[in-house]
Structure formats: C-alpha cells, structure tokens
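Work through the exercises below with the model open. Try each task before you read its solution.

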Amino acid sequence: MRARDHLGEQNVALDLAKREPETTIRAHNDFLTVMNHEMRTPMHAIIALYSLLQETELTAEQRLMVKTVLKSSNLLATLINDVLDLSRLEDRSLELDLRAFNLHSVFREVINLIRPIASVKKLFLPLNLVPDLPEYVVGDEKLLMQTILNVAGNAVKFFKKGSIYVSVSVAKLESLRDARAPGFSPMPSDNHFYLRVQVKDSGSGINPQDIPKLFSKFADRQSLASKNSCGKGFGLAISKRFFSLMEGHIWIESEGLGKGCTTTFLVKLGIAERPKMATKGLLVHLGYDVTAVGSSEECLRIFSHEHKVVFTDVGISGMDGCEVVSVLQDRFSARHQRPLITALTTNTDRATKDNYLRVGMDGVVLKPVSL
C-alpha cells in the first residue's frame with residue numbers, strides 16, 4: 001500500500017511537471033501575441049504619418065529619405081509579425097495558406113523592399129530569375145515572402161560592401177538531397193516542383209563550425225556578427241521553421257573567412273496555370289472607357305495620364321498590384337496626381353486588406369462585384 005501511494009504521488013508530480021512547461025509556453029505565446037498587437041499600433045502610425053509627409057513638397061533628397069523610412073518601417077512591421085508567427089510555430093497553430101500567386105512578383109517586391117538599404121550601403125543587388133521559372137505557382141505566398149525577406153534582408157543587413165547575388169531556379173533532381181538533412185526527403189511530381197533560391201555574397205565569410213549557430217534563436221549576436229556577413233539569429237531561426245512547414249530545407253555554405261557566403265533554400269510549390277483576367281464588362285456598362293491588360297508589366301507599359309483608375313486583380317492570381325503602386329508612386333510627385341488604384345480580391349481577410357492599403361492602394365473591392 002505504501003508503494004502504491006508512493007507511486008501515485010510520483011504520478012501526480014510527473015503530471016504537474018509535464019503541465020508546467022506547457023503552461024509556461026502558453027503564457028509566453030499569449031504575451032508575445034499581446035505585445036505584437038501593441039507594437040503594431042505605433043508602427044502603423046509611423047507608416048501613415050510618413051505616407052502623408054510623402055505627399056508634401058519635399059526636395060529630392062528628402063523624398064528619398066522619406067521613401068527609405070517607409071520601406072524600412074514595412075520591414076519592421078514584418079519583423080513584428082515574425083514574432084507572432086514564431087509563437088504560432090512553437091504551439092503548432094500556424095497553418096499554411098495555399099493559393100495561386102505570381103512567383104516572379106514576389107521576388108521583385110522583396111528586392112524593391114530591401115534595395116533602399118542596399119543603395120545606402122552602396123551594395124550591388126542583382127536578381128536573376130531563370131527563363132524556365134514558372135510564373136504562377138501554388139503555395140503560401142506570405143510565408144515564402146517572409147523567408148526570402150529574412151534571408152536576403154539578413155545578407156544586406158550584415159554586409160558592408162560589394163555584391164549580393166540572388167538567383168532563382170527550378171531545383172534539379174540531383175540537387176534536391178542534402179546529406180546534412182537526413183529528414184528532408186523531397187519527392188518531385190508532375191504537379192509540383194522545388195524552388196531553389198541562392199543568396200550569395202562576396203563578403204568576409206564565416207568559419208564552417210559557426211554555421212549551425214546561425215539558426216539559433218538567441219545566438220551570440222556580437223561574436224557571430226563580427227566574424228561573418230551572412231547574418232544570424234531570429235530571422236534565420238524563423239525561416240528554418242518556415243521551411244520545415246513548407247516541406248523545404250535551408251543551409252549555408254562558406255569556405256572560410258574571406259571566402260564569402262552562400263545561403264541556399266528549397267521550397268515545395270505547386271504548378272498553377274496563368275489565371276484569366278476578371279471581366280471589366282461591368283465598368284463598360286457604366287459608360288467608362290476600359291483598357292484590359294494581362295499583366296502588371298503590360299499595365300505599366302501602356303498606362304497614360306488619361307487613365308484615372310487602375311483595377312488590379314489580386315484575389316486569385318496574386319498579381320503584383322503592390323509593384324504597380326510602387327512604380328506609379330515614383331511616376332507622380334503627389335498622390336492626388338496619380339490614378340486611383342483599387343485591388344479586386346475574393347480574400348475577406350482583414351490583414352490582407354490592411355496590407356493593400358498600407359502599400360498605397362486607395363481601396364479594396366471584394367468579388368463578386370455587384371453593380
């Protein structure tokens with residue numbers, strides 16, 4: 001009976017010991033969630049105020065500084081979102097949001113976001129998309145953009161001079177397997193492929209034995225930052241977990257100090273057909289002159305000052321309406337001079353709508369559109 005009672009006490013103690021870390025994790029994640037939302041409020045205020053400042057009379061130098069602050073603020077907003085995503089990854093509540101999107105546009109948008117920082121540091125930042133790279137794919141666009149931003153942005157942040165090359169291709173079968181990741185077992189098929197992205201710099205490199213530390217959430221920032229240009233820590237730690245969620249893999253290679261550094265990652269994506277443009281017959285019915293185009297590039301090529309409104313279909317195809325906004329903002333010195341830019345989407349998510357408005361769109365119209 002004493003042994004039975006003792007065993008019962010041990011079971012109770014073990015149960016309490018098991019529940020304690022789970023409670024701690026939940027409390028930790030709840031705290032991160034609250035802080036995440038609290039930090040968003042002043043961050044959005046900064047973005048909004050600088051957006052208003054951008055519409056005032058500024059010198060060319062002032063306009064460049066304001067634009068850089070705006071883009072850097074958006075990068076910081078992304079980092080704030082990363083904190084929440086990390087907590088969701090830890091409690092396994094983060095799920096993939098799979099949909100069709102424009103893969104080329106994602107990379108161009110990321111490069112446009114980090115280019116101002118690279119320009120200030122006089123870094124050469126070319127982007128190479130191979131000719132056979134699918135334009136439209138199926139995957140989690142948000143997570144992919146965040147991982148690209150983390151990896152490429154990390155290289156820019158910790159690199160002082162020279163070049164950072166970003167190359168994007170379809171991974172060949174022989175390059176899919178990596179002996180350093182025995183758990184990564186990619187299986188290509190006819191309806192999906194593995195995206196291969198390399199971010200290569202000509203910087204100071206890193207000691208091979210330090211590479212595993214780069215993916216630690218709380219790596220020794222000073223010791224690693226002083227010895228390499230690849231960056232480290234929070235962004236890479238989140239990215240590694242994102243890649244696991246997306247059935248991908250990331251690794252870093254360096255031949256040693258002074259030999260530069262290359263970060264490579266693979267991500268599984270589905271193959272999507274080029275989407276059909278939404279009909280604009282509704283606008284014709286209302287008496288407007290309408291020009292229909294098949295891509296953002298075509299839109300920007302034929303756009304003239306006679307066009308007063310631009311509708312960009314983003315709900316199904318993920319077309320790069322954000323890039324359209326950015327280019328048109330550069331073409332006009334004041335907001336009231338440029339056309340109204342409106343997103344057409346089936347996505348009712350509030351965060352998605354807020355993102356379109358934050359990048360400079362004037363409105364979001366949900367489909368199907370009634371008269």
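**Exercise 1. Classify Phe303 and Phe332 as buried or exposed, then describe their ring pair.**

Step 1. Check accessibility. Phe303 is buried, and Phe332 is buried too. Buried means under 20% relative accessible area, exposed means over 50%, and partly exposed lies in between (1.4 Å probe, protein chains only).

Step 2. Note the source. This is a predicted model, in which local features need pLDDT of at least 70, side-chain atom pairs count only at pLDDT 80 or more, and totals for chains, interfaces and linings use all residues. Residues are numbered from 1 along each chain as its sequence is written, and side-chain values use heavy atoms, with hydrogens and water left out.

Step 3. Search for aromatic pairs. The whole structure has 2 of them. Rings of Phe, Tyr and Trp (its six-membered ring) pair if their centres lie within 6.5 Å; planes under 30 degrees apart are stacked, over 60 edge-to-face, and the rest tilted.

Step 4. Apply the rule. The ring centres of Phe124 and Tyr165 are 6.4 Å apart and the planes stand at 85 degrees, so this pair is edge-to-face. Phe124 belongs to strand E2 (residues 123–124) and Tyr165 to strand E5 (residues 162–170), so the pair ties together parts 41 residues apart in sequence. Tyr165 is partly exposed, at 42% relative accessible area.

Step 5. Return to the phenylalanines. The centres of the Phe303 and Phe332 rings are 6.3 Å apart with planes at 85 degrees, so they also form an edge-to-face pair. Phe303 sits in the loop between helix H8 (296–302) and E9, and Phe332 in the loop between H9 and E10. They are 29 residues apart. Helices (H or I, at least four residues) and strands (E, at least two) are DSSP runs, numbered from the N terminus.

**Exercise 2. Find the salt bridges and place each partner.**

Step 1. Count. There are 3 salt bridges in the structure. The criterion is a side-chain nitrogen of Lys or Arg within 4 Å of a carboxyl oxygen of Asp or Glu.

Step 2. Start at Arg4. Its side chain meets that of Asp5 in a salt bridge, at 3.8 Å from N to O. Arg4 is exposed, with 57% relative accessible area. Asp5 is partly exposed at 42%.

Step 3. Go to Lys67. Asp330 forms a salt bridge with Lys67, with the closest N and O atoms 2.5 Å apart. This pair links distant parts of the chain: Asp330 is in helix H9 (residues 321–331) and Lys67 in helix H2 (residues 60–90), 263 residues apart. Lys67 is partly exposed at 22%.

Step 4. Finish with Arg338. Its salt-bridge partner is Asp362, and the closest N and O atoms are 3.2 Å apart. Arg338 lies in the loop between H9 and strand E10 (340–345), and Asp362 in the loop between helix H10 (350–358) and strand E11 (363–366), so the pair ties together parts 24 residues apart in sequence. Arg338 is buried at 7%, whereas Asp362 is partly exposed at 32%.
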